[in-house]
Number of protein chains: 4
Amino acid sequence: MSEPVIGIEKLQELISRGPFNQWLNFTVLKSDGEGVEIRAAWREEWVVNPERRYTHGGILAAIVDVAADYAIAAQLGRPVPTIDIRVDYHKAALPGDLVAKAHVVRIGSQYSTAEAWLYDREGALVASGRGTYFTASPK
Amino acid sequence: MSEPVIGIEKLQELISRGPFNQWLNFTVLKSDGEGVEIRAAWREEWVVNPERRYTHGGILAAIVDVAADYAIAAQLGRPVPTIDIRVDYHKAALPGDLVAKAHVVRIGSQYSTAEAWLYDREGALVASGRGTYFTASPK
Amino acid sequence: MSEPVIGIEKLQELISRGPFNQWLNFTVLKSDGEGVEIRAAWREEWVVNPERRYTHGGILAAIVDVAADYAIAAQLGRPVPTIDIRVDYHKAALPGDLVAKAHVVRIGSQYSTAEAWLYDREGALVASGRGTYFTASPK
Amino acid sequence: MSEPVIGIEKLQELISRGPFNQWLNFTVLKSDGEGVEIRAAWREEWVVNPERRYTHGGILAAIVDVAADYAIAAQLGRPVPTIDIRVDYHKAALPGDLVAKAHVVRIGSQYSTAEAWLYDREGALVASGRGTYFTASPK
């Protein structure tokens, strides 16, 4: 693990630039040598099933991708293109904000891997996963 | 490949029940022994980056998950819980509707695998992936 | 799909250079615009469980990786480093040769994706999966 | 994390029953509430490329699968069928024994997820990954 090269305010600014990230309403809670912690604020549109009111797996996948990407962004100073993601679903996520904890698995000169763990309001693990990101230097 | 057990109208009804699927604005275009074809109607909130206007990878992941799930739903008569998904990103998706073609890889008595391929308006492949779904009979 | 840039003999020569590929005893059966077909000859050491005599999942993963890699090798003229693989297990593979059919999903200038499907002697699908490969030009 | 229900000797006995696991020459080094640690003893057949002498990615995938499976086996008392695995390659693994550290991500009544991290003799991370395993009670 290395220290982040940009601070929380800069991370927050980068993450909030995009319309879909704004819609997911991300707040960067923490960023240090251990990784990043990001909250997504629940919204009614996240529901997959009107009776059971579980959160849609696509929302969880999006949060895993963003959190893993920003764990790398904290180290490189910029978000990076996703090559692929893989998400495991552990437990139905009921309505409520979600907190993602993400850290770098390996930073490489061409591609890098990061991992994110997603918790509900009670602190239960609802999903986790990994992404591979394209981290060659922009020309 | 087997013939679907429910028709397009029923698939459309099932897919449109959930708020997030409504927000992704899915139309079931086709469902036959080869699989399903589903369109998601573009919306401004999908953008990840205000300058380049690429579609957010989380949106593409959500569409892959839903399309693969409904390829199974067409065979089993109901959508099923996602165990895990894996999504490969092939090309930046510019603003515009997306069409997913999905088919079953294997239906099992406990868990099943399906695959989805996602195309932009020009027919270019922008993402593809697979999911594993929990298909044990509900008790 | 594009036509292969190297023939079956060259593919066979490349695949047979490595000790582990020799141990898996690969024969390239086919290579054309649709992809490659490769047989791995069964050996007693592949068994995971002495009573049931199923083939070890690690063997199936290795064959998926090699077949997907060589689908790309047929297009680029050389095997390429694996970034990541994902393998789905569909059915226990009983003792016997296995045939992998693999094709390119997308060739990119930096990284590429290919898919492989693995069949037993009766033609039943036992495993399938995908890999992402590093395909930037060697300097 | 929970305490293992079987000891190291029993784990070693279970892992050593299968011919391919014997060929990979596994030694269980540790098993406690944190997970398991397993060594695979290098052999010449693992090489993918006779000049560079890197270890074949299929070998690393097999070790990730076995280590993640046995992290679950330590909790459930028996190894379990693999549903799918995903492996990220971080660094070429040169000839030498490999040590895998694996832990459970989540144990579920139907399927479970575990993660493994694979290190070379110098302690460098060479690969890591996850598997989903079928953990419904045998009837």
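## Where chains B and C meet

How many residues of chain B are in contact with residues of chain C? There are 16 from chain B, touching 16 from chain C, where contact means heavy atoms within 4.5 Å. Keep in mind that this is a predicted model, in which local features need pLDDT of at least 70, side-chain atom pairs count only at pLDDT 80 or more, and totals for chains, interfaces and linings use all residues. As for bookkeeping, residues are numbered from 1 along each chain as its sequence is written, chains are lettered from A and ligands numbered from 1 in the order in which they are written, and side-chain values use heavy atoms, leaving out hydrogens and water.

The size of an interface is often given as the accessible area lost when the parts come together. For chains B and C, the buried area (accessible area, with a 1.4 Å probe, that two parts lose on being put together, summed over both) is about 1,200 Å², and carbon and sulfur atoms give 44% of that. On chain B's side, B:Asp88, B:His90 and B:Arg130 supply 40% of the area buried against chain C, more than any other three residues.

## What holds hands across the gap

Chains B and C share 4 salt bridges, each being a side-chain nitrogen of Lys or Arg within 4 Å of a carboxyl oxygen of Asp or Glu. One salt bridge joins B:Arg86 to C:Asp88, with the closest N and O atoms 2.8 Å apart.

Which element of chain B gives the most residues to the side that touches chain C? That's E6(B), with 5 residues. Strands here are DSSP runs of E, at least two residues long, and helices are runs of H or I, at least four, both numbered from the N terminus.

## Stacked rings

Over all chains, a search of the whole structure finds 14 aromatic pairs. Rings of Phe, Tyr and Trp (its six-membered ring) pair if their centres lie within 6.5 Å, and planes under 30 degrees apart count as stacked, over 60 as edge-to-face and the rest as tilted. B:Phe20 and B:Trp23 have ring centres 5.6 Å apart and planes at 15°, so they are stacked. These two sit about one helical turn apart, because they are 3 residues apart in helix H2 (residues 19-24) of chain B.

Buried or exposed: what is B:Phe20? B:Phe20 is buried, at 1% relative accessible area, and B:Trp23 is buried too, at 6%. Buried means under 20%, exposed over 50%, and partly exposed in between (1.4 Å probe, protein chains only). A:Phe20, A:Trp23, B:Phe20 and B:Trp23 form one aromatic cluster.
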